Amino acid sequence: MSPRTLYDKIWDDHVVHQADDGTCLLYIDRHLVHEVTSPQAFEGLRMTGRTVRAPEKTIAVPDHNVPTTLDRANAATMTEDSRIQVEALDKNAKDFGIHYYPVSDVRQGIVHIVGPEQGWTLPGMTVVCGDSHTATHGAFGALAHGIGTSEVEHVLATQTLIQKKSKNLKVEITGSLRPGVTAKDITLSVIGETGTGGGTGYVIEYCGQAIRELSMEGRMTVCNMAIEGGARAGLIAPDEKTFAYCMGRPHAPKGAAWEAAMAYWKTLFTDEGAHFDKVITIKGEDIAPVVTWGTSPEDVLPITGTVPAASDFKGGKVEAAQRSLDYMGLTPGMKLTDIKIDTVFIGSCTNGRIEDLRAAAAILKGKKKKDGLRAMVVPGSGLVRAQAEEEGLAQIFIDAGFEWRLAGCSMCLAMNPDQLAPGERCAATSNRNFEGRQGRGGRTHLLSPAMAAAAAITGHLTDVRELMSETV
Amino acid sequence: MEKFTKLTGIAAPMPLVNIDTDMIIPKQFLKTIKRSGLGANLFDEMRFTQDGAEIESFVLNQPAYRKAEVIVAGDNFGCGSSREHAPWALLDFGIRSVISTSFADIFYNNCFKNGILPIVMPPEVVEILMADAQKGANARMTVDLESQTVTTSDGQSFPFDLDPFRKHCLMNGLDDIGLTMEKAASIDTYETTAAQSRPWV
């Protein structure tokens, strides 16, 4: 057999049927479900008298709509339409017999944090969810991507998806990262390089020393934003760190099954000489802590930079850049570190894991947020929250003046009550800075948890390395 | 799903690049458990002020384009979230085809599940179609799926590529799930084999 990429191998192992024109029926090992993109799919099953083919491979958790305030057990904290969606998921999970973590369960959280945490996500699997950030699970060497609601219904009914194979894109980050630079800076820098459409038609394999040196949490952050680069999925080959993360998780294999799984997982790497359709190489040491200035995740600059002018761009991007500058209320030429903020949001499926909270707490320890600024930490799951409390991180956030919330998607997409008011400016560890994303008229600057913590202290976008040198 | 065969109608020009799914249908409208009725909120924050008044300058509020059935858009249309509410909102408004140089992957897939035809054209063709769309309501564009062509109001015709399976499903309004169910035996076989080779899954 000719040399294959990691993507080729996972793909080949999941083809149920291939038509003459190359259209494949691909088997799905894990189907994750949340309340916003699933009600119409379950309704479709009911209307056609169909059932869920593999309920044991289907896992549901409410996350997008749920309030994150401590009083959320009180139904009045949720708007009626949000409550109806969550109740619909409660009912659908029960009626169709799928695994379920209700809001009251300590294991509840953002679907992309719960999946890996509970050992549902394992190397070599195909994982889908009606959510674009399903790419997160690629960190385990699983082929994972978002699907629409019609496809959710298709997977529920058949445990397969109709797919055509994507092309292979290798993104190599060589060498090591410099101090103060994190997985978030890698993934944003890659999007800055490729643009939001640069990955369209591809599955990315991230590799290189800087990727290998990342923890599993960091790798999930990198893969999470593969979608912001337009790619169908992002992948990282599993290694000892991956196996150590999976071992002992509630739904990971045990005993002889674990040994058999390990033997298979160790074959999941790109063969020497395998063909990539495109290769991008970035030196780890060249990556700086970055922030976004505009309303597209490709609007990335090192924190030491200045706000660009629309005339710095070409083609259709000129109009888009001007629109972004107007929306964001920024003047070309101003230093990024002069941008004052009103709100800091730490959380989301991009940066709501324990390591993210540790990184932010390391900067905030013994310090206070700037007066008048709203700051919140929303852990990615109830278990992340519990661990952060055990490690003393929660107290650091509370002492610094942050709100310490319950788990959910929260202000990443502002479907729950956590929203920006028009004109408010937020330093956010989430994944999208689109117009209105965090609330109509709200302005979002994407950055890493450490950078968000730094901004909370000073009240403006800040180079975290300056605060780090203070403590050295 | 409604079939798509041939359409002659008004095309609205939206030259902005990276029109994302949050622009197409903002998140506050995702709290529905139905597929219908989203057209009223299509492009909501670009189309209406906060108190619900129409923003005159927005293309779909202009008299010429209120009944548009085609959108000619800038690069990378539909980027962002997987929300199928985006094509649901377009369809509910009456849009049956979108033409751009490129589409985000998930949005592109979602269109075909809802009887909407997304068409990829080279930049120089999109430029000509954009200019044609800008001529207003009397300039009708024709999108013909069978011949895989788009024809401008003045008769210039441009071919486009499309996956034959997607074309077949769209032209016949076929339900994917029904088609896949016909392959149930293959799925059974796959599951039996996988249970042997990867029993931990």
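These legends describe close-up views of a predicted model. Residues are numbered from 1 along each chain as its sequence is written, with chains lettered from A and ligands numbered from 1 in the order written. Because the model is predicted, local features need pLDDT of at least 70 and side-chain atom pairs count only at pLDDT 80 or more, while totals for chains, interfaces and linings use all residues.

**View 1. The four-stranded open sheet of chain A.** The strand order is β11-β10-β9-β12 (chain A), and the pairing is parallel. Strands are DSSP runs of E, at least two residues, and helices are runs of H or I, at least four residues, numbered from the N terminus. Two strands pair if DSSP finds at least two bridges between them. β11 (233-235) and β12 (278-283) of chain A stand at the edges; each has a single partner strand, so one side of each lacks a neighbour in the sheet. Neighbouring strands are turned by 20° against each other on average, direction ignored. β9 (167-174) and β10 (202-207) of chain A pair over six bridges. Lys167(A) has Tyr202(A) as its bridge partner in β10(A).

**View 2. The seven-stranded open sheet of chain B.** Its order is β4-β3-β2-β1-β5-β6-β7 (chain B), with mixed pairing. The edge strands are β4 (117-120) and β7 (157-159) of chain B, each with a single partner strand, so one side of each is left without a neighbour in the sheet. β6 (149-151) of chain B and β7(B) are antiparallel, over three bridges. Within this pair, Thr149(B) is bridged to Pro159(B).

**View 3. Where chain A meets chain B.** Here 60 residues of chain A are in contact with 48 residues of chain B. Contact means that C-beta atoms, placed from the backbone, lie within 7 Å. α5(A) gives the most to the chain A side, with seven residues. Other elements giving two or more residues include β1 (15-18), α3 (80-96) and α11 (317-328) of chain A.

**View 4. Helix α8 of chain A.** α8 (216-224) is mostly covered, with nine of its nine residues buried. A residue is buried if 20 or more other C-beta atoms, placed from the backbone, lie within 10 Å of its own, exposed if 12 or fewer, and partly exposed in between. Among the buried residues are Glu217(A), Arg219(A) and Cys223(A).

**View 5. Cys426 of chain A.** Cys426(A) is found in strand β18 (425-428) of chain A. It counts as buried because it has 24 C-beta neighbours inside 10 Å. Not counting residues up to four places away in sequence, Cys426(A) touches residues including Ile341(A), Phe345(A), Leu420(A) and His445(A).

Key. Two residues are in contact if their C-beta atoms, placed from the backbone, lie within 7 Å. Axes are lines fitted to C-alpha atoms, for helices over the stretch in contact, and angles run from 0 to 180 degrees between N-to-C directions.
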